[in-house]
Amino acid sequence: MAGTDALITPHVRKGSEMRRLLADPLVLAVAIVIQVLLLVFIVWPLIRVVVVSATRDGLFSLDAYAEQLRSWYVQRAVWNSLLVGVCTAAASVGLGFAYAYTLVRTAVPLKRVLHVLAILPIVSPPFVSSIAIILLFGRGGIITSGLLGLRDFNIYGFKGLLLAQVMTFAPVAYLVLRGVLEGIDPTLEDAALNLGAARSTVFRRVTLPLAVPGVTSAFLVVFIESLADFGNPLLLAGSAFPVLSVQAYLQITGMFNLRAGAALSVLLLIPSVAAFLIYRAIIGRRRYVTVTGKPGRSSLKATSPGAKWLLFGVTLAVAALVVMFYAVIVVGALARTWGVDNRPSLDALRYVLSVGMDTIKDTLAIAVVSTPVSGLLGMIIAFLVVRKRFPGRGALELTSLLNFALPGTVVGIGYILAFNQRPLLLTGTMVILMACFVFRYVPVGIQSGIAVLRQIDPAIEEAAQNLGASSALTFRRVTLPLIRPAFFSALVFAFVRAMTAISAAVFLVSANWNLMTVQILSEVGSGRYNAAAAYSIVLLGIVISAIGIIGLLLRRGYSPVQGRFL
Amino acid sequence: MRQWFVWMLVGALLMPAAVARAQVPSLTIYSSVDEENARKILGAFSRATGIETRITFLSTGPALARMEAERANPQADVWFGAPSENHVDAKIRGLTQPYKSPNAAPLDARFRDPEGYWTSFYMNPLGAGLNTKVLESRGIKRPVSWQDLLNPLLRGLIQMPSPQTSGTAYNMVVTLVQIMGEDKAFAYMKQLHPNVQTYTTSGTAPSRAVAFGEVAIGIQFTPALYQLYFRGYPLLTIFPKEGVGFEAPAISIIKGTRREAEARRLVDWMILPEGQDTLAAQETFFFPVTRQAKRQVGLPALQLVPLINYDVDFAGKNRQRLVTRWVNEILGGR
């Protein structure tokens, strides 16, 4: 770890680090506050879960682990989870890279629309999206049966799960990769081209190596999220294709065995932590700095016309799929009886806007409050991890990932165990919901921030400090504007997840606070599929507006004239 | 500037506390009855008694998990809904407290705990939902029995929940074991296996797939099936003639409640004719547990449903074993 930093901040001598830190009490204070928060909201609930998994009648015992690992079914679930995790991550990163590269590095039309369409699938409203997937890819699906002519195609199992996960997580990869690709100075590519390198060589030897932090961060994030995801497998995997996260959920909610569920979740952390260590080994010892303060203007010549239009074709195909996916839901929201009687009717929308208004407001309130907290926290942690040195820094990045790597059910249970007694009595309040969202989904912001920060020469920030700016001022006026793409990703992701997360929330919602996704679940339960679809459309509308507003705020905040943020 | 930044950070972190809402005192309920029906039933209760309710919706598993996790400081007064065998679980774990309602005396013994820990207030039989359109388009005769479901033309056209996750599916396993005997029941489920497209996690997922024509037949408890028919889906509900099990969702008072009197009123009211008639009046598609109660239009008379004498005790005691056997033999083919 120390080696990494020596490379990233080569002109700072180690010995002077602690002195520097003491001279800058704000950084120290912020670092301490954040570490305390992570201890309280991530480590403490996790400890409660681990304790449950490793005790029997109050005594230490690893029975639960041994029992689970002996079962052939759990063994198969372990294997399936890893398989799906690796495939989903590889496919998502590949697709996300192609998509981001097309939009950032080539001159193609429709960029803004394609950008929004790339992000939308993160919304993936629970249950409704599974109905949309059945209507598109099921036995009589529009795509499987209509376009491809497949008869009796079975969507349940590995294929369906992979499809659904790639659809949900590729946008996350796109968000992370876009930030990194935007940060690569295109003049480097131009220089290589001018020196006579072929375009493919430039891509292979310049662009791709410089994108490594983004690719690895995106892979890590998607891999971990795929392992922890249980919404998709719950609906599409079925019992014949067990995965670990669902098994953990089932042990808790199906067999009422909290210990076994906790044990399985702790097992789930092993591949995630391993992936993190591999990632750090890959990324740790190299430099990726390309943003050095000199303005680079892209001529976007690095891609041949053939490759460009091929990429554009792929991008359009993905976008078309997204459009179809939501078109199916829009039809559902406006149909009398979704799937049976598709004559238009506004009843469902009217119903949702009258009955569901409180729910919409509650959800929005929680998302609006937790989004800036989560986004800012992500950027600050990324900044601390990459740029600063303080005791416990090495553990900070890993700790921040833990809640992300656990299935939501377990996070929810951990939160109840940890926060249902004084002095930390938070159950039933909005704080517990918010803390859950913020600390669970902050890693995407952190990883985006870290990937982008690694591209930026610390000399720029040091210049500001040498001119007398405080750490805070430097962060606000120099760092934050430079990592704007990562900040955007962090805010969008935090907002969408706060609006749509359900698994942990189920344990934390109270009669005081109702969430839209919980409402969608309940409408599906009552057979009001068109109302569920209508909720999803409202959700989608809110998210699209939010993406627009966040983008606008960030652009305003960084107006080149004022050059400041907030 | 420094102060400004610190202020911003502190503000951002403290904001949630400021927004937290004041809590209104009233009966707090964990409802495993779906939101729409629970609101209707409990709304009628509030109108009749003047007792306000605050409802949080949790399906059976999450409700139990949450009560267990909150044991040290219970957040709710009543657990409303979820099959009686799960209330037996709650009783064994010491999560609930007894109350013998004077109104419960005329209830059938299978609808109440002898010590008063739980009281059932409605029941749902197991049924098969047929998508008549899909069956017709494939020229398949409508099945009327468990045996008929083995029809090879139905290959991949049935969905049922998985007993690992769903009380509904476990109910079906126990039903078959009671009708056929254990080994024959497992042989039957093995034969049925190729016809099952997927074993869903949720007990109500099959009805969704049937409604949209993804499969022809879904096996589950009946309310969602009737409800979808009522919403316009081509869905016919049948009861396999060899017999079907049923669930009898119950109500329990959570141990440590601070509103015992109000909680007791709810138990009392639910099994009064007033409460029982609400089930029909509010179109819940639930069967009442008392004989005198009104029957909802569209529901068959209970005498026409071939109910078996479902053995809750046997079901509870053999759960782990039967589910493990199901996983090994049906899923694993061992």
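With 16 C-beta neighbours inside 10 Å, Glu283(B) counts as partly exposed (a residue is buried if 20 or more other C-beta atoms, placed from the backbone, lie within 10 Å of its own, exposed if 12 or fewer, and partly exposed in between). The model is predicted, so that local features need pLDDT of at least 70 and side-chain atom pairs count only at pLDDT 80 or more, while totals for chains, interfaces and linings use all residues. Residues are numbered from 1 along each chain as its sequence is written, and chains are lettered from A and ligands numbered from 1 in the order in which they are written.

Glu283(B) lies in the loop between helix H11 (273-281) and H12 of chain B (helices, H or I of at least four residues, and strands, E of at least two, are DSSP runs numbered from the N terminus). Its phi is positive, about 55 degrees, although Glu283(B) is not a glycine. Ala82(B), also not a glycine, has a positive phi near 80 degrees. Ala82(B) belongs to strand S3 (residues 78-83) of chain B and counts as buried because it has 27 C-beta neighbours inside 10 Å.

Between the chains, 60 residues of chain B are in contact with 58 residues of chain A (two residues are in contact if their C-beta atoms, placed from the backbone, lie within 7 Å). On the side of chain B that touches chain A, H1(B) gives the largest share, nine residues. That side has 28 nonpolar, 19 polar and 13 charged residues (Ala, Val, Leu, Ile, Met, Phe, Trp, Tyr, Cys and Pro count as nonpolar, Asp, Glu, Lys and Arg as charged, and the others, Gly among them, as polar).
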